[in-house]
Amino acid sequence: MEIASGQGSDARDQVNSNEKAIAALGRSRGVLSAALNSFSSGSFILSVADAATSAIHAQNVVISILVIVALLGTVAFPLFVVQVFRVVLRRIMLEARIYEKVPLRRFLYPPQSKRWVRMAWTMMVENAYLMLWWLTFVGGIIKTYSYFLVPYIVAENPNISANQAISLSRRIMKGHKWECFVAQVSFLVWYLLNGATVGLSGIFYSNGYNAAFFAEYYAYLRAVAKENGIEGAES
């Protein structure tokens, strides 16, 4: 009872006292005597209690580790997979404009370019800025189109820093936000059909068409930016 109530030191003192008293009685030899002494003194119960306490503590440590791993996975998967895949998809579509065939290994573009972490960081910074801008609502709408080209810019130049990619996207998109919005609205019927068919129409047709259209749109905006001498558009 003392152990259960948290008075572990008092219990240990009592067990030591009992063991000394039993030793004084001379009942200390043989396996059976040792077992009886263990029960009589209370040391057996104390050992069981210590083992249970250690198991509980170990279990808590394991649970804590699992929770931390789960939290890291929750953050890492969207960042290093979902967000970076946005860049990979745009890289594939930009190459498809030039080459007849794009090899499947292009899906491994992040590790092949050795810029996986940099890509993830850039996309994280973009999303962090957008999240803050959405606190003003109107700012979130405007900046969504200001930052629209960030994954395309990173796809073309994985060495670019996060702030450079965001700033370049802002400069290129200046005067083209409404145009981009109208282009997206033109796909509204396809978006609705995609939802109605549980994504099937998108998989078999509209997703590829949408991706190809905006890859061409990016190429067009990049060419216009070069003609206008926008800083960074030439690289």
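Leaving aside neighbours within four places in sequence, which residues is Ser201 in contact with? Here are some friendly notes, starting there.

1. Once neighbours within four places in sequence are set aside, the contacts of Ser201 are Trp190, Leu193, Asn194 and Ser206. Ser201 sits in helix 11. Its relative accessible area is 13%, under the 20% cut-off, so Ser201 counts as buried. Please keep in mind throughout that this is a predicted model.

2. On the overall fold: the protein has 11 helices and zero strands, and reading along the sequence gives α-α-α-α-α-α-α-α-α-α-α. Of its 235 residues, 32% count as buried. The protein exposes about 15,200 Å², and carbon and sulfur atoms supply 66% of that area. Taking contacts between residues at least 6 apart in sequence, 59% join residues at least 24 apart.

3. The largest nonpolar core deserves a look in your viewer. It holds 41 residues, and the members touching the most others are Phe148, Leu149, Val150, Tyr152, Ile153, Val154 and Phe214. At least two core residues come from each of helix 3, helix 5 (116–133), helix 7 (150–156), helix 8 (162–173), helix 9 (177–185) and helix 11 (200–227). The core lies between domain 1 (14–109) and domain 2 (114–234), because both domains give residues to it.

4. Val154, one of those core members, touches Val87, Met119, Thr122, Ile160 and Ala165, not counting residues up to four places away in sequence. Pro151 is also placed in helix 7, and with a relative accessible area of 0% it is buried. Beyond four places in sequence, Pro151 touches Arg86, Val87, Arg90 and Met123. Its C-alpha atom is separated by 9.3 Å from that of Ser169, which is 18 residues apart from Pro151 along the chain.

5. Turning to helix 3 (residues 43–96), is Gln83 buried or exposed? Gln83, which lies in this helix, counts as buried, because its relative accessibility is 16% and the cut-off is under 20%. The side chains of Gln83 and Asn127 are joined by a polar contact of 3.1 Å. Apart from residues up to four places away in sequence, Gln83 touches Pro78, Met123 and Asn127.

6. Ile92 is found in helix 3 as well. At 12% relative accessibility, Ile92 counts as buried. Leaving aside neighbours within four places in sequence, Ile92 is in contact with Val102, Arg106 and Phe107. The C-alpha atoms of Ile92 and Ala155 are separated by 8.7 Å, although these residues are 63 residues apart along the chain.

7. A last point concerns the annotation. The unreviewed UniProt entry places "transmembrane region" features at residues 30–49, 61–89, 128–148 and 181–205. How much of residues 128–148 is helix, and how far apart are the end C-alpha atoms? In the model this span is 71% helix and 0% strand, with its end C-alpha atoms 14 Å apart. For residues 181–205 the end C-alpha atoms are 21 Å apart, and the chain there is 80% helix and 0% strand.

How values were computed:
Residues numbered from 1 in each chain as written. Predicted model: local features only at pLDDT ≥ 70, side-chain atom pairs only at ≥ 80, totals over all residues. Heavy atoms only, no water. Helix = DSSP H or I, 4+ residues; strand = E, 2+ residues; numbered from the N terminus. Buried < 20%, exposed > 50% of the residue type's maximum accessible area, 1.4 Å probe, protein only. Polar contact = N/O pair within 3.5 Å; in protein donor to acceptor, adjacent residues only side chain to side chain. Contact = heavy atoms within 4.5 Å. Core = buried A, V, L, I, M, F, W, Y, C linked by side-chain atoms within 4.5 Å. Domains from an automatic or database assignment. Areas by Shrake-Rupley, 256 points an atom, 1.4 Å probe, with all protein chains shown as cover. UniProt positions renumbered as here; feature names shortened; annotations may be inferred.
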